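Let's take a walk through this fold together.

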Amino acid sequence: MATHTLPDFAPAPSATRRDYVAQTLRTAILTGQIAPGTQLVESHFATQFGVSRGLLREAIRELIETGLVVNRPYAGTYVADIDEKTMSDVYEVRRIMEKQAFIRVWPQRDAAFRTEMTARYEALADAVASRELHRESAAEAHFHGLVYERCGNSLLLDVWQQMTQKIQLGFAVCRLTHTPKPDYAENHKLFLTLATGDDLNAMLEELDAHLLRGLSTIRAALRRTAERG
């Protein structure tokens, strides 16, 4: 198993220690500071954050519940690992779900929907310009999440929220391997134009292409990781 260097963290503020620890670890994982497959050593992080192991376990439990972290019996707790098959499965399910969400929401789109989607695109473009991966990943998930929020199927939204963690892990690998990503702002601008336009078929065709670009980028990053061994 590859050995990864763990980042240093400042002691947790006393007011919201568990939330602080959980959010800090989540951000570190989703930005690639803690790589997929890395063991989360309790003694290390409890010392780093200046918290008890019990509190640390509570914070890590939150990450386990969202799928970012897995507990391996008799082995410890690890950042979830991903591979090409996992990501292919995620994107296959996402393609089916997101198409269905758009079909459901299409006749319900109103001025408020278009205004909100435009605002989320602008937030995404701003995040991309900042070159802060955690902002970019969160903003992209927020942008795509609107159709799930408005489609009227709560189960689609629940599954989407679970899948975003895997997708963000995939793009964290892109950062770790310095794999070039598509022009996020430009690609999402076209997506926005079609999502707020009048041609559903064109939107669904672009959705297929959009998701294929994302999956291809993650696959390239995973292959680079495998080559580095």
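Threonine 77 counts as buried because its relative accessibility is 14%, where buried means under 20% relative accessible area with a 1.4 Å probe and protein chains only. You'll find threonine 77 in strand E2, residues 76-79 (strands are DSSP E runs of at least two residues, helices H or I runs of at least four, both numbered from the N terminus). Leaving aside residues up to four places away in sequence, threonine 77 touches several others, among them Thr38, Leu40, Ile60, Ile64 and Val69, with contact meaning heavy atoms within 4.5 Å.

A word on the source: this is a predicted model, where local features need pLDDT of at least 70 and side-chain atom pairs count only at pLDDT 80 or more, while totals for chains, interfaces and linings use all residues. Residues are numbered from 1 along each chain as its sequence is written, and side-chain values use heavy atoms, without hydrogens and water.

Now move on to H8, a helix of 12 residues spanning 184-195. Its buried residues are Tyr184, Asn187, His188, Phe191, Leu192 and Ala195. They sit on the same side of H8 because they cover an arc of only 140° around the axis, taken from the directions from the helix axis to the C-beta atoms. The cover over these buried residues includes helices H4, H5, H6, H7 and H9.

Which residues lie nearest the centre of the largest cavity? They are Glu140, Tyr184, His188, His210 and Gly214, out of 13 lining residues. H9 gives the largest share of that lining, 4 residues. (A cavity is a set of points on a 1 Å grid over the protein atoms alone where a 1.4 Å probe fits but cannot get out, and lining residues have an atom within 4 Å of a point.)

Note on methods. The expected span of a helix is 1.5 Å times one less than its number of residues. Buried means under 20% relative accessible area, exposed over 50%, partly exposed in between (1.4 Å probe, protein chains only). On a 1 Å grid over the protein atoms alone, a cavity is a set of points where a 1.4 Å probe fits but cannot get out, and a pocket is an open set with protein on both sides within 12 Å along at least five of seven lines; lining residues have an atom within 4 Å of a point.
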